[in-house]
Amino acid sequence: MTFTSDVCYGNDNGLSALLKGYSALIPPLHLKFPLHCSFTEVHTFLLHQVLLDPHLKQYPPSGRYQLSFWKWAIGHLERMDKYDEDAEIDTRIYDRYLSLMSGPIDRSSPPPDSYVTYYWKPPSPLGSANQNSHESITLLESRTTIESGTTGLRTWCASFVLASYLIANPEMIHDQTVLELGCGTGFLGIVVATLQQKLNECHQSHHQSLPAVLLTDVNSGVLSRCRDNIRLRCNQSSNHQNISFSTLDWFDSLSLPLSENAATAFLSKASAGVVIGADIVFDPSLVLPLVATLRLALSFESTRMAVVALTVRNEQTLTHFVTEAGEQSSTCVVR
Ligand SMILES: C[S@@+](CC[C@H](N)C(=O)[O-])C[C@H]1O[C@@H](n2cnc3c(N)ncnc32)[C@H](O)[C@@H]1O
């Protein structure tokens with residue numbers, strides 16, 4: 001499942017897939033060039049909606065990715081039938097490619113961090129009257145699996161799945177303080193903050209302050225990246241006045257006596273209505289502390305439910321988690 005699949009631009013004839021692929025750094029190998037479109041259609045789209053798009057100019061994909069994308073796109077454009085003999089590839093496209101080729105791109109080192117933009121469409125009651133309108137989420141992300149010893153600097157698939165679930169069921173978080181465990185880059189935080197703002201507008205409660213979004217992680221580098229992403233001016237979350245970033249280590253939930261540990265103090269003060277977490281079940285050694293944290297959170301009257309989305313990489317880890325978490329009837333695991 002790709003989170004970007006919901007985006008739609010007018011009569012979508014496959015061109016928007018180019019934009020979605022480019023902005024989400026999908027390798028050209030996995031992109032489909034819209035050969036059924038005319039040269040003029042594809043060329044105009046690539047020039048104006050991709051190359052010259054103001055948002056993508058400000059938050060561009062890494063130079064390394066752009067180089068591979070434009071090489072692929074130019075190759076296809078050059079091979080296309082041109083009904084108009086004079087039709088040519090705009091020099092601005094060639095110039096971009098050539099400037100990337102002569103730039104400092106080091107292929108021997110891991111891919112550098114990059115801006116990534118994902119698109120989504122709010123459900124009808126929350127969307128704008130314009131059927132073609134869409135929301136975007138932009139993040140500075142790592143392009144490697146593990147960077148600086150953490151998996152939290154890139155957005156994982158489970159986040160897209162949980163985001164889709166929340167977008168389809170926005171009432172779940174209406175008027176609720178939402179607490180995220182292992183928040184990573186801030187992708188889900190941006191979705192939650194945007195939905196809360198839209199719910200507020202939709203229920204015409206502009207005068208009411210927005211419910212809190214509490215983003216937590218164990219890693220300080222991850223938390224600071226998350227904060228920077230949430231505050232990017234292009235993200236609607238940057239207008240949300242009630243988002244906080246806190247260190248919460250699930251291992252704290254195992255310290256006895258429970259009533260005196262740091263996790264109890266934090267969760268009691270947080271008074272969250274809904275707890276969420278994506279791809280936080282990945283390491284067998286974290287299952288007990290994570291379940292202890294979920295159990296602790298759910299022990300507070302204010303907390304109605306916890307929703308966890310995960311990727312099954314190892315059936316044993318999943319079984320371990322489900323067995324430990326199974327005691328909690330209000331824990332819903334989205335697979
Ligand atoms: C696989 S990443 C998922 C990040 C994000 N939720 C996503 O889906 O993109 C796992 C996250 O759990 C965090 N984490 C790992 N151990 C933790 C712990 N003991 N307490 C709190 N967070 C932890 C990591 O720092 C990382 O951000």
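How many other C-beta atoms lie within 10 Å of Lys82, and is Lys82 buried, partly exposed or exposed? In this predicted model, Lys82 has 15 other C-beta atoms within 10 Å and therefore counts as partly exposed. The sections below place that residue, and several others, within the overall fold.

## Overall fold and confidence

The protein chain contains 11 helices and eight strands, and its C-alpha trace spans about 80 × 50 × 30 Å along the principal axes. The radius of gyration is 22 Å, which agrees with the value near 20 Å that a compact globule of 335 residues would have. Of those 335 residues, 37% count as buried. Among contacts between residues at least 6 apart in sequence, 77% join residues at least 24 apart.

The mean pLDDT of the chain is 89, with 90% of its residues reaching 70 or more.

## Domains

The domain assignment divides the chain into domain 1, covering residues 3–101, and domain 2, covering residues 144–334. Taken over C-alpha atoms, the centres of domain 1 and domain 2 are separated by 36 Å.

## Surroundings of the ligand

The shell around the ligand comprises 25 residues, of which Gly152, Ser159, Gly182, Gly184 and Val218 come nearest. The elements that give two or more residues to this shell are helix H6, spanning 157–168, and helix H10, spanning 284–298. By residue class, the shell divides into 13 nonpolar, nine polar and three charged residues.

## Backbone features in loops

A cis peptide bond joins Leu256 and Pro257, with omega of about -5°. Pro257 belongs to the loop that runs between strand S5 (243–247) and helix H9 (262–270).

Because Leu25 has 20 C-beta neighbours inside 10 Å, it counts as buried. For Asp175, which is not a glycine either, phi is positive at about 60°; Asp175 is placed in the loop between H6 and strand S3 (178–181). With 14 other C-beta atoms within 10 Å, Asp175 is partly exposed.

Lys82, the residue of the opening question, lies in the loop between helix H4 (63–79) and helix H5 (91–101). When residues up to four places away in sequence are left out, Lys82 touches Phe39 and Ala87. The C-alpha atom of Lys82 is separated by 47 Å from that of Asn169, a residue 87 positions away along the chain.

Gly21 is part of helix H1 and is partly exposed, with 19 other C-beta atoms within 10 Å. That class follows because a residue needs 20 or more such atoms to be buried, whereas Gly21 has 19. Leaving aside residues up to four places away in sequence, Gly21 touches Ile26 and Leu31. From Gly21 to Lys32, 11 residues apart in sequence, the C-alpha to C-alpha distance is 9.4 Å.

## Asn229 in helix H8

Is Asn229 buried or exposed, and how many other C-beta atoms lie within 10 Å of it? Asn229 is buried, since 25 other C-beta atoms lie within that distance, and its place in the chain is helix H8, residues 220–230. Its contacts, not counting residues up to four places away in sequence, are with Leu139, Leu140, Thr185 and Gly186. Pro289 is 60 residues from Asn229 along the chain, and the C-alpha atoms of these two residues are separated by 27 Å.

Conventions:
Residues are numbered from 1 along each chain as its sequence is written. This is a predicted model: local features need pLDDT of at least 70, side-chain atom pairs count only at pLDDT 80 or more; totals for chains, interfaces and linings use all residues. Helices (H or I, at least four residues) and strands (E, at least two) are DSSP runs, numbered from the N terminus. The radius of gyration is taken over C-alpha atoms; the globule rule is 2.2 Å times the number of residues to the power 0.38. A residue is buried if 20 or more other C-beta atoms lie within 10 Å of its own, exposed if 12 or fewer, and partly exposed in between; C-beta atoms are placed from the backbone. Two residues are in contact if their C-beta atoms, placed from the backbone, lie within 7 Å. Domain bounds come from an automatic or database domain assignment. A residue is near a molecule or strand if its C-beta atom, placed from the backbone, lies within 6 Å of it. Ala, Val, Leu, Ile, Met, Phe, Trp, Tyr, Cys and Pro count as nonpolar, Asp, Glu, Lys and Arg as charged, and the others, Gly among them, as polar. pLDDT is the predictor's confidence in each residue, from 0 to 100.
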